Amino acid sequence: MNRGGGVSGGSASASAPTGCYKCGRPGHWSRDCPSSSNPNNNESNENNTTNHPTPPLPRPPLPLPPQKTQRRSRPKLTPDNLLSDRGIGHILRYFPRALKCRGRGREFHDLQHLLGLYAEWHSRLLPYYNFDQFIHKVEQVGATKRVKANCCSLLGKLSSFLLLSLSDSGYMEPQHQAL
């Protein structure tokens, strides 16, 4: 009988004790085993074990390989993201209300405010990039045919809308033909 509880014929480290030899649980010796019928009579317990062979101890389960933690996939800047409401849509909705140009002599402050608005947009759209990386990615995605075509159609719609609104409000004077 292998008293180490391991596989016989192995090294000393492979036959380390696993606990009680009677019940197989750690935390006590076989002479103090709570599962024995008479804990005061050690000799009768040993005789009982020789008359009734105990079943072999279950083998400890094989260690599982360490599980790979799934990486969170970062959202990528795609033409869909750039053309969405969080992308250029945010700029069109939010920037005109938030950007108040103070005019002559305050150009530095106006530019600083505009860059702050772009930095806020960056932190909402792709916060894990720094601002320089974000600008580079926007330039790359903005150079695609799809984004260029959508921006051109959007500019056409905005310019026609602005022309209509300016002519309706009386800001545009009718052009007079020269005689």
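Mentor: Here a residue is called buried under 20% relative accessible area, exposed over 50% and partly exposed in between (1.4 Å probe, protein chains only). The model is predicted, so local features need pLDDT of at least 70 and side-chain atom pairs pLDDT 80 or more, while totals for chains, interfaces and linings use all residues. Residues are numbered from 1 along each chain, and side-chain values use heavy atoms, without hydrogens and water.

Trainee: Happy to start! What makes H90 count as buried?

Mentor: Its relative accessible area is 10%, which falls under the 20% limit, so H90 is buried. H90 sits in helix α3; helices are DSSP runs (H or I, at least four residues; strands are E, at least two), numbered from the N terminus.

Trainee: Which residues does H90 touch, leaving aside neighbours within four places in sequence?

Mentor: D85, F95, W121 and R124, where contact means heavy atoms within 4.5 Å. R124 lies 34 residues from H90 along the chain, with 9.7 Å between their C-alpha atoms.

Trainee: Which residues of α4 are buried?

Mentor: They are D110, L117, W121, H122 and L125.

Trainee: And how do you know that they line one face of the helix?

Mentor: Look down the axis of α4: the buried residues fall within an arc of 145 degrees, so they share one face. The arc is taken from the directions from the helix axis to the C-beta atoms. The cover over the buried residues of α4 includes α2 (79–83), α3 (88–98) and α5.

Trainee: Which residues of α5 are buried, and what lies on the face turned away from them?

Mentor: F134, V138 and V141 are buried. The face turned away carries the exposed residues D132 and E139.

Trainee: Why is α4 called roughly perpendicular to α5?

Mentor: Helix α4 (residues 107–125) and helix α5 (residues 131–142) pack at about 80 degrees, with axes 10 Å apart. The label covers 65 to 115 degrees (under 35 is roughly parallel, over 145 roughly antiparallel, the rest oblique), so α4 is roughly perpendicular to α5.

Trainee: Which residues meet there?

Mentor: Y118, A119, W121, H122 and L125 in α4 meet F131, F134 and V138 in α5. That contact has 7 nonpolar residues, 1 polar and no charged.

Trainee: How many helices and strands does the protein have?

Mentor: There are 6 helices and 0 strands. Of the 179 residues, 15% count as buried.

Conventions: Axes fitted to C-alpha atoms, helices over the stretch in contact; angles between N-to-C directions. Nonpolar A, V, L, I, M, F, W, Y, C, P; charged D, E, K, R; others polar.
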